[in-house]
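Take a moment with the view below, then come along for the tour.

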Amino acid sequence: MTAFIIRRLIQALVVLFLVTLMVFFAMRLLPGDPIRMLVSQTQEEEFTREQLEALRHKYGLDQPLYIQYIQWVGNLVIHGDLGESILNHIAVEEEILKRLPITFHLGSIAFILGLLIGIPAGVVCAIRRGTWIDTVVTTLSNIGITVPNFWLGVLLIYLFGLYLGWLPVMGYTSPFQDFWQSTRQLIMPVFCLTIFPISGIARQTRSSMLEVMRQDYIRTAWAKGLRERLVISRHALRNGLIPIITLAGMGIPSLLGGSVLIETVFSIPGMGRLAVSSLMSQDYPYVQAITLIMTAIVIISNLLVDIAYGWLDPRVRYS
Amino acid sequence: MSGEVTLAQEITEVAPRVSELKRFRRVFFSRGVVVFGMVIIFFFLVIAIFAPQIAPYDPYKLDLTNILRNPDAQHWLGTDTVGRDTLSRVIFGARTSLMIGLIVVSFACLVGISLGMLAGFFGGWTYTIIMRIIDALMSFPMILLALIIAALLGGGLKNVIIALAVSLMPGYARLMCGQVITVKENDYILAARSIGVGNWGIMIRHLMLNCLPPIIVMVTMMLGQAILAEAGLSFLGIGLEAQIPTWGGMINDGRDYLLSDPILSFAPGLALMLVVFSFNMVGDGLRDALDPRLRGTL
């Protein structure tokens, strides 16, 4: 198991290194110039060529690309320094530390709800296959995996925010500051974000459980007179859960991607919204940092899924 | 001799051979939701192809004397903030969405299966280099990767297509690579090699055909994802030019008028959901009909 974990860890580090290369060089090699963007935003009449060069020098953009890359990674690894925003001169890590907990708060509730609702829904569908519950849940989960979450957000804002006036339509409040207001503000965005994981996990659990329920050891469990509850929880679900772990792990990138759209719809000041605004203004340091953090979260979650998979299924460890 | 014939007849009578096509048709059309999906896709394809003939108005024509008009006999879905007919824009939006979906998936599929084939077939360093790059690309949340590429390239049809194709390509590469690694161990590949078929011949004539079923399923499902991702980009304002009718752009434009004219956002969103739902359901049906073992993996 240790060799398996070390092998996966090395792979994850290689992928992370490649991601840093991709993020950095994509920012530099593709069209768009942050200095011109800065100049146009400050709305000063005219910048001389020398002033432009001085600005370029100040942000290190006049250095060769590989030097810029080494400096960026070096600062990141040694000092945890993600650079400074070109447009508002705030330290990137400072802003990210403010916004990451917001995205994490939103995403973690959506993820946990996905598991808490999706797994039991899938189990019920599998053990009551062909009944009305199965039909209703399967239909809802088919709709749930395809509904555009940003459109769902707009529908909810119309219905519960504007028409009925039950919930606030935008913003974010820390639960430590005002728990009730925070919960009210999170209901709609969390619903939009969690609808995909709930539906995906319910579908996967159903098909995985149906597969397991056909196995001989389940027939043996029935034959020896175990109660339904024990057959399901002790024999079927434990084996059926293995593919669900992969799906849950794969849900992390979709939650992060979803946060980009949902935070924009509900004006939540998280990482996703920052990604969109900094991309619009071509503020390289922000875009680099956000992308790197989001991909690092995905890589770590994939690593944990692989390790969990290897732990649960020895065949994976030795393949 | 006659005994052998009788035995053969008996076997035929006991287990009549069902043709693959018949079996496919029976499984594929057995679920109502799959048929519903097919009908919806066909409906939107017709609308997209014949949009200029079907749309009652020019979707680009501004009419400032007729802004934010409620649905009536002349404008079934009303008009938007600059007086353009909403129904006509939804109809032309179908054209934009399906066209982008098809082009994006074609490019992503072509590049993805080529890379996956090379990685899976040659193995070794080719595998390591290609698949680590694919792993790196797959660690970006899909919409974020598309957003970064589209924003940096500067929006527009061509750039949106590139952005979405790059974001969807890794899925095909990984799937194809896994398929090739399994299929290339079969005896018929060894047989082909032993009669002197070269690497390219094996890849194109034998591996490609035998790896197709999951790829076909993925193409169908990814069409929905590509359409959804394009709508997401347009919704964020980083997609196509603002005047081009796109469902995502229309949903965003209608957000400011939700109380007075909710249909501006509802109508394109409903069309978007129906199309994505249909492609997913047809993908599900194809998966069950082509190879039920794929259930849970695709």
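Which residue follows H5(B), and is its phi positive or negative? H5(B) is followed by B:Gly123, which has a positive phi, near 60°. This is a predicted model, in which local features need pLDDT of at least 70, side-chain atom pairs count only at pLDDT 80 or more, and totals for chains, interfaces and linings use all residues. Residues are numbered from 1 along each chain as its sequence is written, while chains are lettered from A and ligands numbered from 1 in the order in which they are written.

**Helix H5 of chain B**
- Helices are DSSP runs (H or I, at least four residues), numbered from the N terminus.
- H5(B) covers residues 86-122, and its end C-alpha atoms are 53 Å apart, which agrees with the 54 Å that its 37 residues should span at 1.5 Å a residue (1.5 Å times one less than the number of residues).
- Because 27 of its 37 residues are buried, H5(B) is largely enclosed by the rest of the structure; buried means that 20 or more other C-beta atoms, placed from the backbone, lie within 10 Å of a residue's own.

**Where the chains meet**
- 38 residues of chain B are in contact with 42 residues of chain A (C-beta atoms, placed from the backbone, within 7 Å).
- On the chain B side, H6 (124-138), H7 (142-153), H10 (199-236) and H12 (263-290) each supply at least two residues.

**Domains of chain A**
- The domain assignment, automatic or from a database, gives domain 1 (2-79) and domain 2 (93-312).
- Their centres, taken over C-alpha atoms, are 32 Å apart.

Technical notes. A residue is buried if 20 or more other C-beta atoms lie within 10 Å of its own, exposed if 12 or fewer, and partly exposed in between; C-beta atoms are placed from the backbone. Two residues are in contact if their C-beta atoms, placed from the backbone, lie within 7 Å.
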